Amino acid sequence: MSKEMINESILNDKIRQEQKESRIDHMTYLEGMEVLESDVGETVTAAAAAYDYNRYTASDVRRALDKENRTPEDFAALLSPAALPFLEEMAQLAQAETRKHFGNSIYMFTPLYIANYCENYCIYCGFNCHNKIRRAKLDAAGIEKEMQEIAKTGLQEILILTGESPKMSDVRYIGEACRIARKYFKVIGLEVYPANSEDYRYWHECGADYVTVFQETYNSDKYETLHLEGRKRIFPYRLNAQERALKGGMRGVGFAALLGLDDFRKDAFATGVHAYLLQRKYPQAEIAFSCPRLRPILNNDRIHPMDVHEAQLLQVVCAYRLLLPFASITVSTRECARVRDNLIRIAVTKISAGVNVGIGGHSGEEQGDEQFEISDTRGVDEVYQAILEAGLQPVMSDYIYV
């Protein structure tokens, strides 16, 4: 190694050390962040930390499967390695519960990314603030143009997404997007940065129906190593986002861990317990799960998914269904068409279609780069037909305001 390379390596090490020392405490709220008087978050993380899935046996799984109403302890057994030999029976039971509560309906929607500016440094994410990507933010006219194109497909539900930058995508900007969406869609979801309950209340008044927040991982120590800068670094603020959204009047909330970032069984267990506890605290809330697996992103060869194969993904989906039979479960275009088509036959009740994860892509004028690579590129008509071929009924909207 040359002297210049050695000096550069020493300099880089020094810079990394200085950055590490300047990082904020990931467990301490920043100024302006609403602190809830709630023990739900602490209960969830304590349960996840104590979860030892290797202690469960085939007998534990058998008892859980034989029950009609399952507890978090039953859920823990269904997520354990001991449950894998029971996967076929789990799938049959999950399918029966799905049909009982949802019939043959599969709800369709599409995401709309309106901005990709982000102030966070999350090492696994294509939007992270240090990535050299094309940044863009749609103005009101651009948002409306995108929504008009999506509405032409017949879809009546949209999920609005931004990068996590309150500066570039402030509360009023997101609210304006919701107001525009209300002109074209019957159901509006948000997947944006966590906010205070008063902000969720404002977005709900503007037309938003539900909020989805990916906790990414419920392991706070691992979370700290993945989220190095920005407001997202504050673990408990993100953890309590769904409860703040419900306090703000949102009709529904969605839960997800990014499977493969850490121990997927512990993260899936924490996700289920989190939803279970909030459902009991807020019985009027509509509960939803997403089951995303980590996907490749631009400019990142440093982090690789921990193994979550198709059998493990199916196990997680079925366990969610058997814990909360009435919860909606979404499968995104992170998964290939074959996997998505199989999952809607068993336990998934909601599927995206005609997806473009760039900024401005629906109208053919893409201005900004995507967050991750999608796997299922089918259009709305193709997904609609696949649902019919599975003997199921595509549904564009399940909610009408009167």
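This briefing walks through the packing, aromatic pairs, cysteines and a few individual residues of the structure above. The model is predicted, so local features need pLDDT of at least 70 and side-chain atom pairs count only at pLDDT 80 or more, while totals for chains, interfaces and linings use all residues. Residues are numbered from 1 along each chain as its sequence is written, and side-chain values use heavy atoms, with hydrogens and water left out.

**The nonpolar core**

- The largest nonpolar core has 129 residues; such a core is a set of buried Ala, Val, Leu, Ile, Met, Phe, Trp, Tyr and Cys residues joined through side-chain atoms within 4.5 Å.
- Buried here means under 20% relative accessible area, exposed means over 50%, and partly exposed is in between (1.4 Å probe, protein chains only).
- Met108, Met147, Ile158, Ile160, Leu190 and Trp203 have the most contacts inside this core.
- Helix 13 (residues 310-323) supplies the largest share of the core, nine residues; helices (H or I, at least four residues) and strands (E, at least two) are DSSP runs, numbered from the N terminus.
- Setting aside neighbours within four places in sequence, Leu190 is in contact (heavy atoms within 4.5 Å) with Leu159, Ile160, Ile174, Cys178, Trp203, Ala208, Tyr210, Val211, Thr212 and Met250.
- As general background, nonpolar side chains tend to be buried together in soluble globular proteins.

- Val380, Val383, Ala386 and Ile387 are the buried residues of helix 15 (residues 380-389).
- These residues are on the same side of helix 15 because they cover an arc of only 130 degrees around the axis, where the arc is that of the directions from the helix axis to the C-beta atoms.
- Asp381 and Glu389 are exposed on the other side of helix 15.
- The packing partners of the buried residues are strand 1 (105-115), helix 14 (337-344), strand 10 (350-352) and strand 11 (393-395).
- Just after helix 15, Gly391 takes a positive phi of about 80 degrees.

**Aromatic pairs**

- The count comes to twelve aromatic pairs; rings of Phe, Tyr and Trp (its six-membered ring) pair if their centres lie within 6.5 Å, with planes under 30 degrees apart counted as stacked, over 60 as edge-to-face and the rest as tilted.
- Tyr193 and Trp203 form an edge-to-face pair, with 6.0 Å centre to centre and 70 degrees between the planes.
- Tyr193 lies in the loop between strand 4 and helix 8 (197-206) and Trp203 in helix 8, so this pair ties together parts that are ten residues apart in sequence.
- Tyr193 and Trp203 are both buried.
- Phe289 and Tyr320 form a stacked pair, at 4.1 Å centre to centre and 5 degrees between the planes.
- Phe289 is buried at 0% relative accessibility, and Tyr320 is buried at 1%.
- One aromatic cluster is formed by Tyr51, Tyr53, Tyr56, Phe75, Phe269, Phe289 and Tyr320.

**Cysteines**

- The count of disulfides comes to zero, taking a disulfide as a pair of cysteine sulfur atoms within 2.5 Å.
- For Cys125, the closest cysteine sulfur is in Cys122 at 6.0 Å, too far for a bond; Cys125 is buried, with a relative accessible area of 11%.
- For Cys129, the closest cysteine sulfur is in Cys118 at 6.8 Å, too far for a bond; Cys129 is partly exposed, with a relative accessible area of 29%.

- Gln242 lies in helix 11 (residues 241-247) and counts as buried at 2% relative accessibility.
- A polar atom of the Gln242 side chain lies 3.0 Å from the backbone oxygen of Gly254.
- Not counting residues up to four places away in sequence, Gln242 touches Val213, Val253, Gly254, Phe255, His274 and Leu278.
- Tyr184 sits in the loop between helix 7 (171-182) and strand 4 (187-191) and counts as partly exposed at 24% relative accessibility.
- The side chains of Tyr184 and Gln148 make a polar contact at 3.0 Å; a polar contact is a pair of N or O atoms within 3.5 Å, where within protein one must be able to donate a hydrogen and the other to accept it, and residues adjacent in sequence count only if both atoms are side-chain atoms.
- Glu216, in strand 5 (residues 210-216), has a positive phi of about 75 degrees although it is not a glycine.
- Glu216 counts as buried at 5% relative accessibility.
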